[in-house]
Amino acid sequence: MGAVGALCWRLLPVLLAVHRAAGARPCSPKYFGRDAMVCVCNATYCDTLDPLVLPAPGYYVKYESSKAGKRLERSEGKFQHKLCAPDVVLRLDTTQRFQRVKGFGGSITDAAAINILSLPERAQDHLLRSYFSEEGLEYNLIRLPMASCDFSLHAYTYDDVPYDYELTHFALRDEDTKLKIPLLHRASAMSKRPLSLYASPWTSPTWLKTSESYVGKGTLKGQAGDKYHKTWANYFVRFLDEYAKHNVTFWAVTAENEPTAGLINNYPFQCLGFTAEQQRDFIAQDLGPALANSSHRHVQLIILDDNRLHLPHWARVVLEDEQAARYVHGIGIHWYLDFIGPIQDTVLPTHELFPDYFILATEACIGAHFWERDVILGCWERGNQYSHSILTNLNHFVAGWTDWNLALDLEGGPNWVKNYVDSPIIVDSSEGIFYKQPMFYHMGHFSKFIPEGSQRVGLVASRESKKTALEYTAFLRPDGAVVVVVLNRSPQDITFGLADTVGLLAAVAPANSIQTYVWQRQ
């Protein structure tokens, strides 16, 4: 950078005076080693954000989190009309229009609900507000297991009375009526945005399965169209019926959580196996018609709900069949085998083949692989992993991203098969406190600023800068404002510019930071 360039960058801090907004409350930090910082909340204190207020035209707001300790710290600056060009300029191009956003969120498993409700009531409220309110991340997606999963205290379904093909004994459990449903009502009450709930089953009742067991290799008995498949399809409708009686309605269901898990010998927790062909036939002959002929015909149906490795094959098998495709709205993907299924070989061709079906990331967590530690408090790198995944997905036509458990304990549970993992919020119920991890703030850089209905637009790097370490994406919100998210996972500060019709801004992405920029286009 020449002398003139250096001078330009020296002027930069003048533009970035930090305004701690009136009502926002700062992080109460706690360190678990160098740079490993969480924000501590209890019954009397929790860090908050102000509701997003769009800056005046010609100005921008920036939110920054960093390994160095910033957590969604807000500042403002002014667009310039003349600025010495930095090495990298990212230019907004709204003529390039891509997918619309469904949203961001997490899952209320039995374990998440148990952890949240183990806190004092005021701390519970702080936790829920942190995720769902305008002073928090403003999540709008919630995934809910249909009955039990590994993050339950035991295995169960809603009808464990053998051979009850009429489902006369179908009933919600205490986990629903005492844990999950009350939390859903509280989350909904504190959310300004409409919440979209979607449900996924892990296992059917054992008497419908070839294995006669919740776990291990097993599929539905018989074949599509028979009493086993019809009963299982009606189970979905009964689930929606029973939740509706509690004033909870769903945006979507997935046909099965990780259908390939039930094809694996000795699979350790609840599963139900389907090949792509079996899922196609079950949807065409049983699940699709059951939903269409019920009072829940507006509930959307999501296929796959498994690792993207199975794409585009899985989508082709199901969606090239007219009878099945007419009932399907979207495709769900999990992130666990992303390292052996590159997005450009899986998701991209699927979008190109089936552009009318949304693709949604339906589950992700860190700590699930045997070589990973379960919970690492304050780990910045795990936040980086979340943001890198979200950015990569958004830049390849994925419409949203759903985290796994909203909250876990210090061990990464409870989980009845000890399949412990990490979570953006870790609860220490013995102290009545919870920790907001770097993953939590990384999620917020997307969820709070990119509401449902936003559309991804072009953000084009100047020619000489194709090799930048920055990762970035841009959206036009329904209110016309622009949102740009910039992630720097490298150990160096990177200077860059953002250009739009309103002008140019010179910026620095500090080492190990994530930034969200918001501005109006006049």
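Reader: How many disulfides does a search of the whole structure find?

Author: In general, a disulfide is a covalent bond between the sulfur atoms of two cysteines. In this predicted model, a search of the whole structure finds two.

Reader: Which cysteine is joined to C27, and what is the S to S distance?

Author: C27 is joined to C39, with an S to S distance of 2.1 Å. That falls within the 2.5 Å cut-off for a pair of cysteine sulfur atoms.

Reader: Which parts does the pair of C27 and C39 tie together?

Author: C27 sits in the loop between helix 1 (3–15) and strand 1 (29–31), while C39 belongs to strand 2 (residues 37–41), so the pair links parts that are twelve residues apart in sequence.

Reader: Is the disulfide of C27 and C39 left-handed or right-handed?

Author: The torsion about the S-S bond gives the reading: for C27 and C39 it is about -105°, so this disulfide is left-handed.

Reader: Is C39 buried or exposed?

Author: Buried means under 20% relative accessible area. C39 has a relative accessible area of 0%, so it is buried.

Reader: Which cysteine forms a disulfide with C41?

Author: The partner of C41 is C46, and their sulfur atoms are 2.1 Å apart. Here the torsion about the S-S bond is about 65°, so the disulfide of C41 and C46 is right-handed. C41 counts as buried because its relative accessibility is 0%, and C46 is buried too, with a relative accessible area of 1%.

Reader: Now the surface. Which residues make the nonpolar surface patch of about 630 Å²?

Author: The nonpolar patch is made by L309, F339, I340, F370 and W371. A residue must have over 30% relative accessible area to be part of a patch.

Reader: Where does W371 lie, and is W371 buried or exposed?

Author: W371 lies in the loop between strand 12 (358–363) and helix 10 (380–394). The cut-off for exposed is over 50%. W371 has a relative accessible area of 53%, so W371 is exposed.

Conventions: Residues numbered from 1 in each chain as written. Predicted model: local features only at pLDDT ≥ 70, side-chain atom pairs only at ≥ 80, totals over all residues. Heavy atoms only, no water. Patch = residues over 30% accessible without salt bridge, like charges linked within 9 Å, V, L, I, M, F, W, Y side chains within 5 Å. Areas by Shrake-Rupley, 256 points an atom, 1.4 Å probe, with all protein chains shown as cover. Salt bridge = Lys/Arg side-chain N within 4 Å of Asp/Glu carboxyl O. Helix = DSSP H or I, 4+ residues; strand = E, 2+ residues; numbered from the N terminus. Buried < 20%, exposed > 50% of the residue type's maximum accessible area, 1.4 Å probe, protein only.
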